[in-house]
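This report goes through one protein chain, from the chain as a whole to a single residue. The sequence and structure come first.

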Amino acid sequence: MDISSIIREFKVYFNILPDKENEQEIIAQISSGVSFKGANLWVLIFAIFIASLGLNVNSTAVIIGAMLISPLMGPIIGMGLAVGINDFDLLRRSLKNYGVATLISVLTAMIYFLISPLSEAQSELLARTSPTLYDVLIAFCGGAAGIIALCTRGKGNVIPGVAIATALMPPLCTAGFGLATGHWLYFLGAFYLFFINTVFIALATFCGVRLLHFQQHEFQSSEPALKARRFMIALVVVTMIPAAYMTVRIIHQSVFDNNVNRFIKAELTQRGTQIISNSVDKDSMRLRIVAVGNEITEARQKEAQGRMEFYGLSGYGLRVIQGVQTDSLMLLNNELSVMTTSRESERQQMIDLSRQVNTLNKKLGEYTRYESLSEEIRGEMTVLFPQVKSLSLSKLSEVRGDTTAVSHYVAAIISTGQEKKLPKAEMQKMREWLQARIKTDSLVVYEVQGIIR
């Protein structure tokens, strides 16, 4: 097969014109969905209330339900169709009803949030305040799927899916929340997301109408149609600029966070040390690490500092707050005490973190103490009990099968390296010496050949 025959074969698969419905029926159906009067308007109001409730209680299922019953898609698709077929009467009606629907939606959401006792911004609400280029792609692809489904046979569940994917209702409700609570950044971010959805659903509709070869209205002059298309192109470009800026910022932040994590994992992670948090102060260009367990030596810290440029962290300073050093915790508390009141929330978080570090340090010290203690008294053990070749100390917890009580004790495991057991009197003497030496009331001595309590 030659290339031309392969291309013809592909065209057969991707050609949607044979599935096209009657053009006039499609236009009539879309035009009827443009108007917001009577029942259509009440459905919109109730959908806004449902979406606001969902955002208020952070319920994804409720928000999805509101998107499914919302009639907001009608005038937006109407605008794209109107520009595509040069029907300026339909364009005027679509713009008018779009404005009315948007105003009523925002006012309805604002009224709800003014009377709602829940005023905290939940995660579902906050997710609609920072649009990016990904939202542009979602709106365009959703709009494209929607117009193709409207214009062809076998629509199936495409239209409900488009309503969920493009999510027109939640941004409007979030904008109403911003007005009701005085959070203007929430209002601007959410309304911008709604505007992105509007522009790119309309653009996808325009492209779909042209792809399906809809009959265009003829005029004596082509100037009005040309102006409308130029305006749409300009609107698309202007709409994308802030989203592109936000996307670049998010990508840069994601790359930076990934570099920080790679640096910590490669340069500061070591056996016996747990890094429990890290934070970056971009104003002072400093990376702060809080760690507990075995100390990260000054030499290793300096070496890690010198390698920060290889992780995209050139110019940043490194500060390691060690959980095993009480003076470092005191230093941390001193720093917290001189923080300004405008950073009270961050100060409280750092105080809580300091307490967590102290608690973890104590717990870790209980388990690591006996490891270092066994090395410390091994020399004394060799002098007093030369038969013992090895000694291991550890803290153990025991839960018996017939009770929920937990008993804690120190276990000493010894080995003579021979099959012959130590005399019982020698074992008892060694147990008493170990108990006094490591200062514990609960000690169990295990020998490879036996056990004495």
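## Chain overview

What share of the contacts in the chain with a separation of 6 or more comes from residues 24 or more positions apart? Such residues account for 70% of these contacts, where contact means heavy atoms within 4.5 Å.

This is a predicted model, in which local features need pLDDT of at least 70 and side-chain atom pairs count only at pLDDT 80 or more, while totals for chains, interfaces and linings use all residues. Residues are numbered from 1 along each chain as its sequence is written, and side-chain values use heavy atoms, with hydrogens and water left out.

The chain holds 16 helices and seven strands, taken as DSSP runs numbered from the N terminus (helices: H or I, at least four residues; strands: E, at least two). Of its 453 residues, 41% are buried (under 20% relative accessible area, 1.4 Å probe, protein chains only).

## The three-stranded sheet

Three strands form an open sheet in the order β1-β2-β3, with mixed pairing; two strands pair if DSSP finds at least two bridges between them. β1 (273–281) and β3 (317–322) are the edge strands, each with a single partner, so one side of each has no neighbour in the sheet.

Strand β2 (residues 286–293) runs parallel to β3 and is joined to β3 by six bridges. Arg 286 stands opposite Gly 317 in β3.

## Gln 301

Helix α13 (residues 298–306) contains Gln 301. Is Gln 301 buried or exposed? Gln 301 is buried, because its relative accessible area is 13%. Leaving aside residues up to four places away in sequence, Gln 301 touches Ile 296, Leu 318, Val 320 and Gln 322.

Key:
Buried < 20%, exposed > 50% of the residue type's maximum accessible area, 1.4 Å probe, protein only.
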